[in-house]
Amino acid sequence: MALQDLKMNMEYCSRCSLCKWIPMLEIKSWRYAYSCPSIARYNLHAYSGGGRGIAALSLLVGRSSYSDELLDVIYKCQMCGACDVMCHEAMELVEPLDTMRELRIKCVEDGQFIPAHTTVIDGLRKEDNMMQKLKADRGKWSEGLDVKDLTKEKAEVVYHAGCRYCFDEELWPIARAGLTLLKNAGVDVGIMGKEEACCGGRAYEIGYMGELTKYCEHTTEQFRTAGVKTVVTPCSDCYSTFKNLYPMALGKATEEMGFEVLHITEYLDRLIKEGKLKPKSEVPLHVTYHDPCHLGRLGEPYTPWKGEWKKGAGQIAYTEPQKPIRHGVDGIYEPPRDILKSIPGLMLTEMERIRHYSWCCGSGGGVKEAYPDFALWTANERIEEAKATGAEAIVTACPWCERNFKDAIAESGERIKVYDVVELFQQAI
């Protein structure tokens, strides 16, 4: 697909502005009514899903050209998919997220780069990770765990840690805990160690389609060679990439990939319900759960579509055959909550915006790298929402969310704590 292929999609936008808010019937207070961080922060229509569609169309047909202001609009977006879900909730057929993806790909093709992103991509190309770290150090997080090396032997399950968990030492205990829980439950699991590579998902969100294709081909071949039947990852970004972007890049449905893709919370929830893991110790803590965008609304399986946009009587736009629409409801929402509810002594209170209406943590789409102040502002908005529940801690299931929340709390001096579902469950075992 190219931006040109989405021209009628962009023209079909009715400018209703519903991409900016959660649905009216779901709004519980004015304070937490926005769905889109960038329109909430910058308060100009151009920074909304609909506004970016207008900008993309104007650029496509030659009514405008690149400028620093336009690049600011394009890249100050976490690519969280909230505008997509809200648009479809309003029964519209517009695909603002697809438009943004293709617009960024066009920017890269046209040489319109953000310096911070160029640095990250250069690091990715040299060291196969988004953290600008040495590839040789990728396996250090797992030292001493006595786990199968899938570059030398086979296993039914591969545990893919992801760039953030591999190189963010403060988060290593979470990655180790997830793998240890699987091993203790008798799962035949292994890792790629230092041969594990970036999934390519975050590079694609920035506009680098070539990197997604490269790592898709490399990683799927690794999985096939290792003979794995199931891919388990504790990283929500990797989960969304394996479940949604890889099938898209290969032109396949998710179920045609040749292996099952599970987030660690899905697998642990399955093991709990099978009686292979039993939480026993009390964890006396009042928490609220944050749905990561890539695990929730961006974690839906991919369904291929080949068709075209048409116009019928009265210039009504439609797709033929009917295009599958992302509603965000088929992401992973219950397994993390079921795990938390299984922990003795733990109390869970929900925030106002949850599941497919969840507010982004702020770190996605290259914003953390290029606009750290905006990333932290977005995180602080979510932290305020978490505090409003009376919870002592915000719990999530994504290392990028964890890092951005921790950074925001360190800067603001807030006392609320941040946990991963996995580390709380490990405390209860």
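Is A386 buried or exposed? A386 is buried, at a relative accessible area of 0%. Buried means under 20% relative accessible area, exposed over 50%, and partly exposed in between, with a 1.4 Å probe and protein chains only. The points below set this residue among the other features.

1. Basis of the model. This is a predicted model, in which local features need pLDDT of at least 70 and side-chain atom pairs count only at pLDDT 80 or more, while totals for chains, interfaces and linings use all residues. Residues are numbered from 1 along each chain as its sequence is written, and side-chain values use heavy atoms, leaving out hydrogens and water.

2. Helix α16. A386 sits in helix α16, residues 372-387. Helices (H or I, at least four residues) and strands (E, at least two) are DSSP runs, numbered from the N terminus. A386 and N184 are 202 residues apart in sequence, and their C-alpha atoms are 33 Å apart in space.

3. The side chains of E385 and R353 form a salt bridge, 2.7 Å from N to O. This pair links distant parts of the chain: E385 is in helix α16, and R353 is in the loop between β9 (346-348) and α15 (367-370), 32 residues apart. Both E385 and R353 are buried.

4. Salt bridges overall. The whole structure holds 36 salt bridges. Each is a side-chain nitrogen of Lys or Arg within 4 Å of a carboxyl oxygen of Asp or Glu. Side chains of opposite charge can pair when their charged atoms come close.

5. R326 and D98. These two side chains meet in a salt bridge at 3.1 Å, N to O. R326 lies in the loop between β8 (317-320) and α14 (334-342), and D98 in helix α6 (residues 96-109), so the pair ties together parts that are 228 residues apart in sequence. D98 is buried, with a relative accessible area of 9%.

6. K148 and D188. Here the salt bridge is 2.7 Å, N to O. K148 is in strand β1 (residues 148-149) and D188 in the loop between α9 and β3 (189-191); the pair links distant parts of the chain, 40 residues apart. K148 counts as partly exposed because its relative accessibility is 27%. D188 is also partly exposed, at 29%.

7. Where do salt bridges that share partners form one network? They join R164, D168, E170, K368, R403, K406 and D407. D407 belongs to helix α17, residues 399-412. At 26% relative accessibility, D407 counts as partly exposed.

8. Helix packing. The axes of helix α9 (residues 172-184) and helix α13 (residues 264-273) come within 11 Å and cross at roughly 30°. That makes α9 roughly parallel to α13, a term for angles under 35 degrees. α9 passes α13 in a left-handed crossing, meaning that the near helix is turned anticlockwise from the far one by less than a right angle.

9. Surface patch. W21, M24 and I27 make a nonpolar surface patch of about 320 Å². Patch residues have over 30% relative accessible area and no salt bridge, and nonpolar side chains are joined within 5 Å. M24 is in the loop between α1 (7-12) and α2 (37-42). M24 counts as exposed because its relative accessibility is 74%.

Technical notes: Patches are made of residues with over 30% relative accessible area and no salt bridge: like charges are joined within 9 Å, nonpolar side chains (Val, Leu, Ile, Met, Phe, Trp, Tyr) within 5 Å. Accessible areas come from the Shrake-Rupley method with a 1.4 Å probe; for residues, only the protein chains shown count as cover. Axes are lines fitted to C-alpha atoms, for helices over the stretch in contact, and angles run from 0 to 180 degrees between N-to-C directions. Angles under 35 degrees count as roughly parallel, over 145 as roughly antiparallel, 65 to 115 as roughly perpendicular and the rest as oblique.
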